[in-house]
Amino acid sequence: MLTSSTEWQNLQDHFNAIESVHMKALFEQDSERFQRYSMTAAGITLDYSKNRITDETIELLAALAKATKVEEQRDRMFAGEEINVTEHRAVLHTALRNFSGKPVYVDGEDVMPQIEATREQMKTFVDAVSSGQKKGYSGKAFTDVVSIGIGGSFLGPKIMSEALKPYRQDNLNVHFVANVDGCHLRDVLAKLNPETTLVITSSKTLTTQETLRNTQSAKEWFLGSATQADVKYNFACVSTNIEAAETFGISKDNIFPMWDWVGGRYSVWSAIGLPLALAIGYDNYEAFLKGAYEQDCHFQEAPLTENMPVLMALLGVWYRNFHGAQSQVLLPYYHYLRGLPAYVQQLDMESNGKSVTLENEEVDYATGPIIWGSEGTNGQHSFHQLIHQSETPIPVDFMLPLHPDCDYADHHDMLAANCFGQSQALMEGQTQEQVIAAMTKAKCSTEEISNLSSHKVMKGNKPSNTLIFDRLDPKTLGSLIALYEQKVFVQGVVWQINSFDQWGVELGKVLGNKVLGTLQDSSVELTMDGSTNGLVALYRQRK
């Protein structure tokens with residue numbers, strides 16, 4: 001078991017030795033700490049100096065990565081080997097953004113020609129829609145796109161298009177629908193014209209309950225103005241189930257492939273990214289792919305102790321398994337990146353929320369953390385309080401572009417000041433002596449100082465990373481997303497779990513379908529647990 005390994009025990013001993021060391025002391029002892037604990041790769045600079053680490057910490061964490069064969073597993077993934085052992089699949093989202101010109105094999109077949117053909121199909125489609133060459137059934141150019149999917153098929157394109165809002169095409173509005181709650185679809189469709197609306201449904205098998213229901217409802221809305229024969233003009237599909245898509249009425253030219261070696265939460269690099277490409281134009285979408293490719297190259301080539309995804313992953317392991325952190329918070333100080341915490345939440349928690357190892361043993365250590373967050377500076381006026389004064393350690397990732405798309409007066413200076421100031425405050429804290437000195441200077445009474453000073457103490461020593469980039473363009477965003485993907489991969493390898501299945505998600509789908517049958521047919525006998533039976537009965541009575 002991992003926890004009985006020499007490398008793990010060495011880290012535990014090291015933690016015990018430095019647990020009481022404050023980061024303020026580490027900065028005071030080392031004037032070059034920032035220079036030594038910061039690095040730049042693929043357009044992103046990482047400052048990891050505000051972490052509770054020393055050179056020995058990094059060496060011991062790297063030894064753990066070596067012992068758990070992080071490098072070997074990384075190479076196996078990029079080579080197309082079957083590392084998703086529970087589903088007997090390769091894991092090759094990286095091949096979708098491969099621009100090396102080298103082949104990538106799955107079961108002896110080079111998949112790059114298929115990938116490149118799909119990219120070309122996407123480019124042709126996007127260019128035709130954007131230029132007005134490809135039109136709806138009535139001969140009018142498309143003005144709106146409705147993208148229907150769920151999970152990775154929804155979050156990836158939606159959040160990336162929000163992040164790249166300054167790069168969106170002016171003549172095309174892209175809308176996203178995921179929730180099976182009919183209110184969402186109704187509100188989106190109510191504003192649109194069926195003649196000028198392109199509907200794209202993304203589902204690997206075209207059997208996902210929510211996506212299929214939303215697509216059928218969108219078709220019913222469309223047929224209120226058009227005919228079944230017109231569906232082939234205004235609908236497109238990303239799926240492996242070509243037969244079902246054609247039966248639905250979608251033209252074969254409007255059907256884009258998927259592969260089983262791409263998981264949903266890693267699928268934005270595939271044709272699932274078609275709505276994103278339509279939103280920002282194909283050239284920008286390709287830049288997004290190339291940014292991820294640059295990060296992949298860094299991940300493959302850099303030594304463990306100089307490798308950005310590896311370092312971020314190992315720091316996460318350090319806090320999760322040795323400091324007792326239960327969560328990780330992402331704080332993008334940029335409005336357009338506000339959706340990133342939700343994206344990484346799915347990426348991380350669906351990947352590493354596991355409790356059984358690849359050797360079929362239950363773990364005796366913590367695995368994936370809870371991922372959460374919000375845009376700065378909003379969180380400073382709410383949950384930052386918990387981060388500052390809670391006894392529970394909560395590692396933070398701050399993010400900031402140096403050049404925003406828009407800067408009114410000195411707004412961005414203020415934003416950056418808050419970002420840097422928060423990381424400083426988390427690290428330094430505020431002693432009781434400092435509080436008393438400040439209150440004395442403010443002429444507070446002795447009684448007030450006595451009553452309040454302890455409440456204003458902040459112990460500091462709260463760890464954080466800060467990610468800085470020149471601007472949030474498509475290439476940088478691609479690099480940022482790939483960075484978090486590879487971080488999650490490394491942690492899964494260290495924890496000896498499969499980061500690429502999602503059996504918990506699958507169980508929810510199965511039970512949801514079973515319950516649906518009892519809601520739609522009141523004659524079905526209720527044989528579930530007492531609580532679920534009671535809820536279904538209540539729904540039947542009041543529906």
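Good morning. Please keep in mind that the model we are viewing is a predicted one.

Strand 8 covers residues 235-238, and it is joined by four bridges to strand 7, residues 197-202. These two strands run parallel to each other. Both take part in an open sheet of five strands, whose order is 6-5-7-8-9 and whose pairing is parallel. Which strands stand at the edges? They are strand 6 (173-177) and strand 9 (255-256). Each of them has a single partner strand, so one side of each is left without a neighbour in the sheet.

I turn now to the cysteines. How many disulfides does the model contain? The count is zero. For Cys419, in turn, the closest cysteine sulfur is the one in Cys406.

Leu507, Val510 and Leu511 make a nonpolar patch of about 260 Å². Val510 lies in helix 21, which comprises residues 503-520. Is Val510 buried or partly exposed? With a relative accessible area of 43%, Val510 is partly exposed. A residue must have over 30% relative accessible area to be part of such a patch, and Val510, at 43%, is therefore above that cut-off.

Thank you for your attention.

Terms used
Residues numbered from 1 in each chain as written. Predicted model: local features only at pLDDT ≥ 70, side-chain atom pairs only at ≥ 80, totals over all residues. Heavy atoms only, no water. Patch = residues over 30% accessible without salt bridge, like charges linked within 9 Å, V, L, I, M, F, W, Y side chains within 5 Å. Areas by Shrake-Rupley, 256 points an atom, 1.4 Å probe, with all protein chains shown as cover. Salt bridge = Lys/Arg side-chain N within 4 Å of Asp/Glu carboxyl O. Buried < 20%, exposed > 50% of the residue type's maximum accessible area, 1.4 Å probe, protein only. Disulfide = S-S within 2.5 Å. Pairing = 2+ DSSP bridges.
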